[in-house]
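Here is a short briefing on helix packing and salt bridges. Have the structure open as you read.

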Amino acid sequence: MKYHETDDYSFLLGNNHYVYDHTEDANTLHLFIKSKPHSCKCPICGQESNKLHATYKRVLQDMPIHCKQTFLHANVYKYECENPSCDCKVFMEDLPFAKASQVRTDALNSLILGVSMFLSNEGASKVLALLGVKISNDTIQRLYDRIEFADNPDVEEVGIDDVAIRKGQTYATAVYDLKDHHLIALLEGRDAETLMEWLKSHQKIRLVARDRASAYATAINAVLPDCVQVADRFHLLQNLLGYLKDIFKAEMPSSIYIKDGKILDQEPEKILREKKPDKNYLATLHYDNTPPMNPDGSEHLYDNKKHYLSAKQYKDQAENRKKNGS
């Protein structure tokens, strides 16, 4: 496989990288990639440099393709900074799809976290293995431990709700930015005091979408009395469904009878019908309960581990199978 100028791998790697070779076997796929530009900006001074210092290889596990474990073999460049006043002498090219020292791409990490959100770590590891991702449950936990919530002190619109860390035992308060719905804080517990302390450092909040917990309302009124509080869509829909259930219970009868696409005013009369046996099927069954006999005429004591196919019962069963085409 050779790279041509017309080849487009932007959907996979972005606009600055291309695939120049690949290998494949029954379980894995290896893609060998390079960057198109031969220059890079210094991360310290920002000056563009095209003076190549060295190259090194990075192997990254990527999103599986056709349920095959997929690896990217990146040929990464090192450059020398051409600014004599800059303290940085050598710097490495950044990969847009993976951070430094990562062994998995950002897209794959997102997939792993997305699957493990709904399963245990061990269950997620087994499901991901079926998709072509090799990762242990301990590694999934380490990914979770590295997650950091980017709090925004200037946020103006937030959503607040309680979440179960361990249902029935441990709860927390989740705070979301309503603009892009990402989590910005996870507070311990679900009482008013914890939320009040967080609100004191977020005085620009003017709108809160929350559940119906009185503790949250108390905290918001105490710290941000001018803030507008609204019920979130989930609890509004929950209230609507509750009212609809009450209406249906009052207006609709407990039992509804439908016949030929029409609703009947009363229960229809039951019609008893005798179901006759299938004589053709019964004729294929063998009910000879005489004890099986050995070739010498003696009674055979049945043993699950031994079968005498010349016995009458086995011959009858074989004939029935031939007649039925099985």
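Which residue forms a salt bridge with K204? The partner is D154, with the closest N and O atoms 3.0 Å apart. The model is predicted. Nine salt bridges are found in the structure.

**Salt bridges**

- The D154 and K204 pair links distant parts of the chain, 50 residues apart. D154 sits in the loop between α4 and β8, and K204 in the loop between α5 and β11.
- D154 counts as partly exposed because its relative accessibility is 44%.
- E157 and R206 also meet through their side chains, at 2.9 Å from N to O. E157 lies in strand β8 and R206 in the loop between α5 and β11, so this pair ties together parts 49 residues apart in sequence.
- R206 is partly exposed, at 45% relative accessibility.
- A network of salt bridges links E156, E157 and R206.
- K99 and D106 form another salt bridge, at 3.6 Å from N to O. K99 is exposed at 52% relative accessibility, whereas D106 is partly exposed at 23%.

**Helix α4**

- The buried residues of α4 (137-145) are T139, I140 and L143. They cover an arc of only 105 degrees around the axis, so they lie on the same side of α4.
- These buried residues pack against α2 (106-116) and α3 (121-131).

**Helices α5 and α6**

- Helix α5 (192-200) packs against α6 (214-223) at an angle of about 35 degrees, with the axes 9 Å apart.
- Their crossing is right-handed.
- Residues making the contact include L195 and L199 of α5, and Y216 and I220 of α6.
- Ten residues of this contact are nonpolar, none is polar and one is charged.

Definitions and conventions. Residues numbered from 1 in each chain as written. Predicted model: local features only at pLDDT ≥ 70, side-chain atom pairs only at ≥ 80, totals over all residues. Heavy atoms only, no water. Buried < 20%, exposed > 50% of the residue type's maximum accessible area, 1.4 Å probe, protein only. Helix = DSSP H or I, 4+ residues; strand = E, 2+ residues; numbered from the N terminus. Arc of directions from axis to C-beta. Contact = heavy atoms within 4.5 Å. Axes fitted to C-alpha atoms, helices over the stretch in contact; angles between N-to-C directions. Left-handed = near helix turned anticlockwise from the far one by under 90°. Nonpolar A, V, L, I, M, F, W, Y, C, P; charged D, E, K, R; others polar. Salt bridge = Lys/Arg side-chain N within 4 Å of Asp/Glu carboxyl O.
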